[in-house]
Amino acid sequence: MTVRKLTLSAAATTTVLLLCGSILGATSATAAGPAPTTTTAPTTTTAPTTTTTTTTPATTVTTHAEAPGSPGVPGATGAPGVADVPTTLAPPTTGTTSEATVVRPAQGSAPATTAAAPALALSSYDPKAGTAVLAPTGAESAKGAAEEAAPPSESAAVAVQPGQLIDSPPTPAAPHGALVAVTGVQPAADGTVAVTTRPATLPELLGATSADLHSAISPAAFEVKPWISGLQVTTDLGPTSGSGSVSGGLGISADATVPLPGGSSARLSGSVELHPAVDFSYRGGLGLIDPQQARIGFTLGAHADWHVSAALTGSTGPVRIALASYSASPVVMVGVLPVVINLAFTLYADISADGTVTLDAEQAYDGTWGVHSDYVKGPGWTTTTDPGTSTVSPLRLDLRGSATAKAGLLAEASVALYDTVGVKASIEPYLRVAVNGSVLLDAAHPEPEVNGTIALYGGLDINGALMARLVVLGTPILEQDLPFLAFHREWPITSWSAGQSPVPLVNWTTLSAGLIDDNQSAYLRTRPDWDPSALKASCPDGTRLLGLAHGSDNGLCGDVTRANLWGANRGYVVDHGGTYVTTDWAPGYTKAQCPAGSFVSGYSRNGRTLGVLCAESATPLGTASRTLWFDKGDNRPAVAGGGDFAYGFGKGQCADDEFVAGVAYSQPWWQLWAARPYALLCQKLA
């Protein structure tokens, strides 16, 4: 198993008071995000749901709370002054209104303590205005107050005081939960209490409590929304073990035809079973500013038998077809204190082709994949991509044409706390086929019937980002996602050849030089450092740079249209600041540019300076050029190969018949310590 980590620099860490340590922003977007788009407006139908009645018990994990001045507490797990505190994943709600917990804030190392308040729930909540209304749950509050000869409003108003915290599980008024501090109280005659609030923090709630939880989420906790007709949703509620595994899962089965661009269509059928789980941990400090340690993330297991049938051309892909959206807000009980986690993801069918092919393929996916972010006071945040184990197997193939085609199942997911901070990621296992001719493989043809050349590959792509928010005195002044190192792995499954010459395969490589050098050039790895003291990346020999990302150190290499462009003498130069610039193609920006007859095959960054690695071309190059800006968002070809090589960032990519001849750069206002590319000089190959 390969695990890739991204650690934020000290400068970056100082700009990210996240998760448990920042004041939770009240204006954040919902965890599920905007409704996904498909190639056409989806026809949403009410999908039948099959549910078994097996009860799903909560997962329990032992946690600790610091008990100052009381070393050797009975039941402590080996650490002096640490008392055991149970942590449980609460069972899914049954539709009743959940009570809010009114508490006095944590003091020193002790967690918040419950206040003597009647049973109350959030009946309305406006996070932007910071206002909320608490109402008695049921008739119990009013009846009890009447028996004590005190109006219910007075009773609640006395119990809810400024300075206290309201910790609410999901309610209709706050579907993702709420954690706020009370700043003002105004009782009403009908027994409700109006309060003004400010965002609160987890350290205010949990103090020095320690909590660790990795748990599968019960399928009963999810709300599922189909996005195509012909989709059935099934929920299997299997038993949950103490380790958090679930024998059941979230299932969908599909049998639908969806339109594609250009007038063609795709037939989607098969079944998918998903097993989502969340990671959450917290260890508080003695202060209420930030924790000592925190983690938030998720894993997603899947099994699928999936069938795609389509007539594809280069103009139809890549196409993502939204199948279903899932959302849940499970509640973790840290002692008596609820912590709300929001998990949401959308499942897509992803198909693409760079030629013309008739595709009828059935394939099986199996695996478990995950991402999470860890915080440690001092070093800051570390983001981790865990590809786990995965298999992709062709079950049946009927392919005809000349193209490279891909069919995958992509999950775009996010996990947050109280809908404010967390992790988002996309995970896609896929099957790729390069065909020049035809192949037929099924139960009736155990030996494939081949005319031409066929190559099959399995693959896994994981991209993600930490959803960063800096909050100072309750005012967010920065929102910038911080990416994971992208994980891309592709492996050959099998190949056949008969009768025809093979299709030239296009090689795409994602580069990432955010932490360490990423020299993919086998030749340059045998040579002296081509840009000492700089972080650098170089393309594999035989490919050229085609794209860069604004706001990160990611790039994209490929050999589309022209392979093996580097001259046999392997000549190269490095430029940082305009030695070879003949025209001002990006006014106001510093430009690193290659001399005539060379192309960019790598890049480097040394603080506020960017450099380009210029390789001498084996053949004459064209002179027609254009400036391609991408600082405001993606600027890529309509059919862009290479995938999303910098998740969450604007990307610039030259056309397939171009090469990068130069890079214009500067420093964004929010990242003054690092130069970032703003534009590419794209030049014709011939």
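The model is predicted. The count of disulfides comes to three. A search of the whole structure finds five aromatic pairs. The largest nonpolar core holds 95 residues.

**Disulfides**

- Numbered in sequence order, the bonded cysteines of the protein chain pair as 1-2, 3-4, 5-6.
- Cys-539 is joined to Cys-557, with an S to S distance of 2.0 Å. The link of Cys-539 and Cys-557 is left-handed, at -75° about the S-S bond. Cys-539 lies in the loop between β31 (535-538) and β32 (544-550), and Cys-557 lies in strand β33 (residues 554-558). The two are 18 residues apart, and the pair links distant parts of the chain. Both Cys-539 and Cys-557 are buried.
- Cys-594 and Cys-614 form a disulfide, and their sulfur atoms are 2.1 Å apart. The torsion about this S-S bond is about -90°, so the link of Cys-594 and Cys-614 is left-handed. Cys-594 sits in the loop between β35 and β36 (598-606), while Cys-614 sits in strand β37 (residues 609-616), so the pair ties together parts that are 20 residues apart in sequence. Cys-594 is buried, at 5% relative accessible area. Cys-614 is buried too, at 0%.
- Cys-654 and Cys-682 are joined by a disulfide, S to S 2.0 Å. At -80° about the S-S bond, the link of Cys-654 and Cys-682 is left-handed. This pair links distant parts of the chain, 28 residues apart. Cys-654 is in the loop between β39 (650-653) and β40, and Cys-682 is in strand β41. Cys-654 is buried, with a relative accessible area of 0%. Cys-682 is buried, also with a value of 0%.

**Aromatic pairs**

- A pair of aromatic rings is described by the distance of the centres and the angle of the planes.
- The ring centres of Phe-222 and Phe-345 are 5.9 Å apart, and their planes stand at 65°. Planes over 60 degrees apart count as edge-to-face, so this pair of Phe-222 and Phe-345 is edge-to-face.
- Phe-222 belongs to the loop between β12 (210-216) and β13 (223-226), and Phe-345 belongs to strand β20 (residues 337-353). The pair therefore ties together parts that are 123 residues apart in sequence. Phe-222 and Phe-345 are both buried.
- Ring pairs also link Phe-222, Tyr-326 and Phe-345 into a cluster.
- Tyr-589 and Tyr-678 make a tilted aromatic pair, 5.0 Å centre to centre with 40° between the planes. Tyr-589 is in the loop between β34 (572-575) and β35 (590-593), and Tyr-678 is in strand β41 (residues 676-684), so the pair ties together parts that are 89 residues apart in sequence.
- Tyr-589 counts as partly exposed, at 25% relative accessibility. Tyr-678 is buried, with a relative accessible area of 9%.

**Charges over rings**

- Lys-406 lies over the face of Tyr-430, 4.9 Å from the ring centre.
- Arg-432 has its charged end over the ring of Tyr-457, 4.4 Å from the centre.

- Strands of a sheet pair through backbone hydrogen bonds, either parallel or antiparallel.
- Four strands make up an open sheet in the order β35-β40-β41-β38, and the pairing is antiparallel. The edge strands, β35 and β38 (625-629), each pair on one side only. On average, neighbouring strands of this sheet are turned by 25° against each other, direction ignored.
- Four bridges hold the antiparallel pairing of β35 and strand β40 (residues 658-666). Lys-591 has Ala-664 in β40 as its bridge partner.

**Nonpolar cores**

- In soluble globular proteins, nonpolar side chains tend to be buried together.
- Which residues touch the most other members of the largest nonpolar core? They are Leu-202, Leu-205 and Trp-306.
- Strand β22 (residues 380-417) supplies the largest share of this core, 12 residues.
- Another core, of 26 residues, lies apart from the largest one. Its members include Cys-539, Leu-546, Val-612 and Val-660.

Conventions:
Residues are numbered from 1 along each chain as its sequence is written. This is a predicted model: local features need pLDDT of at least 70, side-chain atom pairs count only at pLDDT 80 or more; totals for chains, interfaces and linings use all residues. Side-chain values use heavy atoms; hydrogens and water are left out. Rings of Phe, Tyr and Trp (its six-membered ring) pair if their centres lie within 6.5 Å; planes under 30 degrees apart count as stacked, over 60 as edge-to-face and the rest as tilted. Buried means under 20% relative accessible area, exposed over 50%, partly exposed in between (1.4 Å probe, protein chains only). A charge sits over a ring if NZ of Lys or CZ of Arg is within 6 Å of the ring centre and within 35 degrees of the ring normal. Two strands pair if DSSP finds at least two bridges between them. Axes are lines fitted to C-alpha atoms, for helices over the stretch in contact, and angles run from 0 to 180 degrees between N-to-C directions. A nonpolar core is a set of buried Ala, Val, Leu, Ile, Met, Phe, Trp, Tyr and Cys residues joined through side-chain atoms within 4.5 Å. A disulfide is a pair of cysteine sulfur atoms within 2.5 Å.
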